[in-house]
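Q: Hi! I'm new to this one, could you walk me through it?
A: Happy to, let's take a look together.

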Amino acid sequence: MQTYEMMCIFDPKLSGEGETTGMVEAILKESGASDVTREDLGLKRLAYLINKRSEGHYYLFRFSLDQQAVSGIRKELGIKESLLRHLIVRREA
């Protein structure tokens, strides 16, 4: 199992905190992630417009997962309307 970090930027107008973070945590757990932690980084101004939005709510997720499951998570998150952007990176041990 590898350790990963995932930064998610949510559209603050489309959904509430519990709905968005709960959705991401559910996707992670369905994919077999363990040790899932979440850090709320707050509402921040975006460097450029994304879907005509100038602000986004940032969350940082940390979790352990098999390498093969990462592509499935990327596909599932890519179709979520409330999620403006996401990035998954592997953490060095």
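Q: How do strand β2 and strand β3 pair?
A: Strand β2 (residues 34-50) and strand β3 (residues 53-65) run antiparallel, paired over ten bridges. Strands here are DSSP runs of E with at least two residues, helices are runs of H or I with at least four, and both are numbered from the N terminus. Two strands count as paired if DSSP finds at least two bridges between them.

Q: Good to know. What is the source of all this?
A: This is a predicted model, where local features need pLDDT of at least 70, side-chain atom pairs count only at pLDDT 80 or more, and totals for chains, interfaces and linings use all residues. Residues are numbered from 1 along each chain as its sequence is written, and side-chain values use heavy atoms, leaving out hydrogens and water.

Q: Back to the strands: which residue in β3 is the bridge partner of Leu43?
A: That's His57.

Q: And what about Asn51, buried or exposed?
A: Asn51 is exposed, at 57% relative accessibility. Buried means under 20% relative accessible area, exposed over 50%, and partly exposed in between, with a 1.4 Å probe and protein chains only. Asn51 sits in the loop between β2 and β3, and its phi is positive, near 50°.

Q: Switching topic, which residues are buried in helix α2?
A: In α2 (residues 70-78), they are Val70, Ile73 and Leu77. Down the helix axis, the buried residues fall within an arc of 60°, so they line one face. That arc is taken from the directions from the helix axis to the C-beta atoms.

Q: What does the face turned away carry?
A: The exposed residues Lys75 and Gly78.
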